[in-house]
Amino acid sequence: MPEFEPVIGLEVHTQLKTETKMFCSCKTSASEAPANAFICPVCTGQPGALPTPNLRAVRLGAAAGLALGCEVSEVSVFARKNYFYPDNPKAYQISQFDKPLCENGAVELDLKDAAGGVRTKTVRVHRAHLEEDAGKSLHAIGSRQLDHTLVDFNRCGVPLLEIVSEPDLNSADEAYAYLMELKKLLQWVGVSNCDMEKGELRCDVNISLRPKGETKLGRKVEIKNLNSFKAVKDAITHEIGRQAAVLNGGGAVDQDTRLWNEKEQKTVSMRSKELAHDYRYFPEPDLSPLRISAAFKEELKKEIGELPKAKKDRFKAEYGLSSYDAGVVTGGKGLSAYFEACMSEVKRSGLAVPAKNVLNLIASEFLARLNGLKKDSVTLDPGDKELISPANLAKTAALTAAGKLSASAAKTVFAKSWETGKDPETLMGELGLAQVSDAGLIKDWAREAIAANPKAAEDFRNGNEKALGPLVGVIMKKSKGTANPAAANAAIKELLK
Amino acid sequence: MEKATEIVSQIKGKKITAVEVLNRYLRTIKEKDGEIRAFLEVFSESAAAQARAVDEKAAAGLPLGRLAGVPVAIKDNMLYKGHKASCASKILENYISPYTATAVQNLIDADAVIIGRTNMDEFAMGSSTENSAFRPTRNPADTSRVPGGSSGGSAAAVAAGMCPLALGSDTGGSVRQPAAFCGTYGLKPTYGSVSRYGLVAFASSLDQIGVFANSIEDTELAFSVISSHDPKDATSVKYPENKIPGGVKGLRIGLPKEYAAGSGAMDAEVARLFGETVQKLKELGAVFAEISLPHTRYALPAYYIAASSEASSNLGRFDGIRYGLSAQGGTLADVYKKTRGQGFGPEVKRRIMLGTYSLSAGYYDAYYLKAQKTRTLIKRDFDEAFGEVDVIFTPTTPSPAFRFGEKVSDPVAMYLSDIFTIPCNLAGLCGLSIPAGKSGKGLPIGAQFLAKPFNEAVMFKLGEELAHAG
């Protein structure tokens, strides 16, 4: 049986973070708002109502395009997509068709290869265009099916950016990584919150299989109703299996739109006539073409600043971080700013700290506590008073680098400094946690440890290296964690030689 | 016939009250509208309240608006909060406006009194007001004839003296053609100069709210009130400052040879009366030149494709789901089919079908796109012509008002009555139809000026001098 190569493209709809809707001044409501609380003549398609473009949404759309490496069009055109449905009040959706806002982008993915290394893959972004969301049709309330349909127009007219990738993805893992990268980039430039559970990011999958080595594309299936990142991955995995089974059985895959059934973990054909839709796109006569000047683009680029990829490359070069470590601190815009604030503190105060020590403290202690505070690496603010200041984190890292704080004592000092805002060195003194490297003192503790554990001492003498641990442990206990571990090891070894 | 400008000065001079003015017009409506049938509804109550408010303002010595106490009728496709706006269609028969159109609000803000809503061809599609779902309107000059359309109700109301001013909408001549048929002034302002917010859309890229009046001064006054840059309409623009011409003397006026007598389309009496007006303008010192608008013959087909395409999309919202007529059906598709099948009249259906076809995959390039390209060529014709002349002068219609039923069975003959007015909309120009005498049978004849976008002033100047020359 031939080996198949999946060919996958994603259509992602992301809700742009605006106060008001795409074409009227209604609030973009929170999902918990009562039905039809945020509506007006424009977004409910009353006769005579006209759209006016939300320039904030245009700005965010263009910013997203820049983050995705797209060309942002000097002139783009809104178009009407005509179809009848109760949650589509004008019987057309204002979207963009042949002249989208953004085109020809690329997103770079870091993927784990089979050998456990990292390989880079570029996924081309075909286009990204602005459009308005539809309302929400309710056919059931909870588990109770209605004999009629209710429509909530709160969501109707909320600005969306549809991002269409080229079919450059070849596995469920790649699709997942692409989505994660999109999310990171969109959050980075502050364009969208990308919460899939809240519908702020929606994803449709186009997928076909072809025999490995074949260049012609197979017949494509579209999968809809994917409500989480995991669902995207699971649906693709399932669909690859399903299509492979059809092809291996000598059958042909039907061009189809399928829905992901989360409960049964399989895709099911919609068998809908929707495929025959002719949307009769034409330029929206109520709106002039959108013009974006070179000056506006430059201003936007400045506002966006360094993108994660550039930042990561710079961190590697400037601070000697590994690709992996640089990836960790560029996982969110806020976190990268925090890391840089720590590093500039290091520089400013002339501390001798390798970036790696700062990074270790961030990657372990800092991120753990951040999650506990329900803050995240995207939105965190280095000046946030609820966090340990970059200066105190840098000083803690400096104390470990200088051998004045042991790793375990560093944790205590870090925690205390976070809580009190006190200087780490002062805290180290107050708590008596300065690392003791005094050979005489350590030797005294070592003698006491051996005396208290004759069995372990005996074992070690007989060549059992593992017996060293408990003996050093006693020293650490007696020193309240302040004994220099290397010196403690050396002292025991010396005495039991 | 009383002028709006006179009413305003009498009210401001406390010689008469707004309530008295209103009552006089309400009496005229009572006398005449049984036969003319221009109004679909007279807003007696709200109009009385407005008139009282104007009088109270006057009594308190507060400053009065530019249309203080002037009764104005609005075409039934303009929204006025709390009042019906049906577009003379069954599908919106009982639709109550949830907000007020910007142009109507501008009238209200100028202390005008909104006296009622006038009959029209359903959704402004037609040239005789016979396509109203409710009843036809009669031409006050000859009640066996149509008033023109689609704004026939507004034209007839002003012509019969039932109100001094009325608003209409002009997509391909729907203000100028009925103005010519009824013998009033009719202005189609430059696209973008009057907000379309609250005007029920027929063809968005062509629709423009215009004015009917019995004098050039009233036309000018009403235009200056309704024209505004409206942030609610993205195609509305700030009216640029243009040089106002000193007088007609020396103005260069173009006569398009494609519109001339002998081109086949024009009635002999129309040609004669138009010629007389040209002679008057020459006497006032205007300089005439023949110009060419070579793509004129493509204007009608381009218009019917472009306008119908937009209409097919604009009228999609009348689906029986949120408002208007809603027919019951077993499935969603049934609800749509029955609602729209029962709610729309034959001409509206014809244009929705035509437009849907023109936008369909596989036909878009041959129809919609070609119509757009034709539009560009027509606009270029005018751009070139306006390099040579300041204003263009043509008959408004090829013939005077026709009889009821005369063209109903032949849509193309009906469409041809707009042949002189349509190019103006396609090119986004402004146009003004003025009365140009009466035919032997006493039927009004109209002539129209066409000017560059935002050059209404030059047309007003011509209208003023012609009116004063008598």
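**Figure 1. Strands β4 and β5 of chain A in the predicted model.** Strand β4(A) (residues 78–82) and β5(A) run antiparallel and are joined by 5 bridges. Strands here are DSSP E runs of at least two residues and helices are H or I runs of at least four, both numbered from the N terminus; two strands pair if DSSP finds at least two bridges between them. A79(A) is opposite S95(A) of β5(A). This is a predicted model, in which local features need pLDDT of at least 70, side-chain atom pairs count only at pLDDT 80 or more, and totals for chains, interfaces and linings use all residues. Residues are numbered from 1 along each chain as its sequence is written, chains are lettered from A and ligands numbered from 1 in the order written, and side-chain values use heavy atoms, without hydrogens and water.

**Figure 2. Buried face of helix α11(B).** Buried residues (under 20% relative accessible area; exposed is over 50%, partly exposed in between; 1.4 Å probe, protein chains only) include V348(B), R351(B), I352(B) and G355(B). The buried residues of α11(B) fall within an arc of 135° seen down the axis, so they line one face; the arc is taken from the directions from the helix axis to the C-beta atoms. P346(B) and M353(B), on the other side, are exposed.
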